[in-house]
Amino acid sequence: MVQIEQLAARKPAVSVAELLQGFYPSPRFGQVSFASYRPDPAQPSQSGAVKALEHFATGVGSDSGGGLFKKLFAKKSDSRAGIYLDGGFGVGKTHLLASLWHATPGPKAFGTFVEYTNLVGALSFRKTVDALSGYKLVCIDEFELDDPGDTVLMSRLMRELADAGVRLAATSNTLPGALGEGRFAAVDFQREIQVLADQFDVVRIDGEDFRHRGLPAAPAPMKTEDLKHRMHAEFDGQTVAVDDFRTLVDHLAGVHPSRYRQLIDGIDGVVWRNVETITEQAVALRFVVLADRLYDKDVPILASGVPFDKIFTEDMMAGGYMKKYYRAVSRLTALAREGQNHEPS
């Protein structure tokens, strides 16, 4: 028997306390370590990144904190408050960031960029600074600036946390000095972007998306009439969310992205009927967040309709948010391979 639910029928409510308690690596990265990372021998920057992070970890919590007075009068350090992993999709940046989190003492926080901006929205900027200033380490995964407001917000947040002695670690597909390019008039906010860049030492990680190394292309979508039988065969005894794709996408507009983790809580698999290309940018960006949360929890997908490499328009895949969309396609493809072909994602 399969327990069937609908994501489109769920309306999760999340308290501020639950938001604060949720800043830790997802189950997918709950047990990772530097030792479990498998660097590509053809990409020496990957093993170099491991060494850089191991060294960075030794400095987390090793002093009594920072503060403006110490920052002004203490002996200048050769290193900055943060370390920034710059690399393409699927080279293991999140694995390494989570490994750093596991290797360091607390209190500490681990979350995606959007989760930190959502936290500010829930608590206010000052309360967020107060809450995180007592932490030894703050990890920010998938660092991207999508609008001017986020640029100013994260510039201030990172500066104040660094002044408080908090060590920072981030991952992104974009160098910190180039954040915001192609999304808005980044030149008008160059000061804020530079403040962000000044907080980090950059570690470049080269390599091919590991989800594509030696693996076949995305499986062809299933026929809608075959989904029910396949669902019962694949998810016997489990809980599956079955939705018409358009209904689900419309529902996401009424659920804040900070609640997407709770939206899929307890779901072992998803079945989407009649997947179609998303044509509106705001809708697509919300769906990217859902794809990330599904990947975090390793939720396999069975789907009919268009293949996942066609889920966003060609203009989107070539536009200012292209890196977000490529990451989402990569992750959805991996989950579809897991659901249909039993290939690990």
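Predicted model: local features only at pLDDT ≥ 70, side-chain atom pairs only at ≥ 80, totals over all residues.
Strand β7 covers residues 239–244, and five of its six residues are buried, so the strand is largely enclosed by the rest of the structure. β7 pairs with strand β1, residues 3–5, through three bridges, and the two run parallel. Within this pairing, Gln3 has Thr239 of β7 as its bridge partner.

β7 also pairs with strand β8, residues 269–275, again in the parallel sense, over five bridges. Here Asp243 stands opposite Trp272 of β8. In a regular strand, side chains alternate between the two faces of the sheet.

## Aromatic pairs and one cluster

Seven aromatic pairs are found in the structure. One of them joins Phe245 and Phe287 in an edge-to-face arrangement, with 5.3 Å centre to centre and 70° between the planes. Phe245 belongs to helix α10, residues 245–252, and Phe287 to helix α12, residues 281–296, so this pair ties together parts that are 42 residues apart in sequence. Phe245 is buried, with a relative accessible area of 0%. Phe287 also counts as buried, at 0% relative accessibility.

Trp272 and Phe308 form another edge-to-face pair, with 6.2 Å centre to centre and 85° between the planes. Trp272 lies in β8, while Phe308 lies in the loop between β9 (301–305) and α13 (314–317), so the contact ties together parts that are 36 residues apart in sequence. Trp272 is buried at a relative accessible area of 0%, and Phe308 is buried at 7%. Phe245, Trp272, Phe287 and Phe308 together form one aromatic cluster.

## Charges over rings

Two placements of a charged side chain over an aromatic ring are described here. The charged end of Lys108 sits over the ring of Trp101, at 4.3 Å from the ring centre. The charged end of Arg156 sits over the ring of Phe125, at 3.9 Å from the ring centre.

## Ser304 in strand β9

Ser304 is placed in strand β9. Its relative accessible area is 1%, so Ser304 falls under the 20% limit for a buried residue. A polar atom of the Ser304 side chain lies 2.8 Å from the backbone nitrogen of Asn274.

Leaving aside residues up to four places away in sequence, Ser304 touches Trp272, Arg273, Asn274 and Val275, and also Pro221, Met222, Lys223, Thr224 and Leu227. Among these contacts is Trp272, the residue of β8 that pairs with Phe308.

## Asp292 in helix α12

Asp292 is located in helix α12, the helix that also holds Phe287. With a relative accessible area of 2%, Asp292 is buried.

Which residues does Asp292 touch, not counting those up to four places away in sequence? They are Glu142, Arg327 and Arg331. The side chains of Asp292 and Arg331 make a polar contact at 2.9 Å. Glu142 is 150 residues apart from Asp292 along the chain, and their C-alpha atoms are separated by 9.9 Å.

The buried residues of α5 are Phe113, Glu115, Tyr116, Thr117, Asn118, Leu119, Val120 and Leu123. Just after α5, Ser124 takes a positive phi of about 95°.

Helix α14 runs over residues 322–341 and has 20 residues. Its first and last C-alpha atoms are 27 Å apart, close to the 28 Å expected at 1.5 Å a residue. α14 is mostly covered, with 16 of its 20 residues buried. His342 follows α14, and its phi is positive, near 65°.

Note on methods: Residues numbered from 1 in each chain as written. Heavy atoms only, no water. Buried < 20%, exposed > 50% of the residue type's maximum accessible area, 1.4 Å probe, protein only. Helix = DSSP H or I, 4+ residues; strand = E, 2+ residues; numbered from the N terminus. Pairing = 2+ DSSP bridges. Phe/Tyr/Trp six-rings, centres within 6.5 Å; stacked < 30°, edge-to-face > 60°. Lys NZ or Arg CZ within 6 Å of the ring centre and 35° of its normal. Contact = heavy atoms within 4.5 Å. Polar contact = N/O pair within 3.5 Å; in protein donor to acceptor, adjacent residues only side chain to side chain. Expected span 1.5 Å × (residues − 1).
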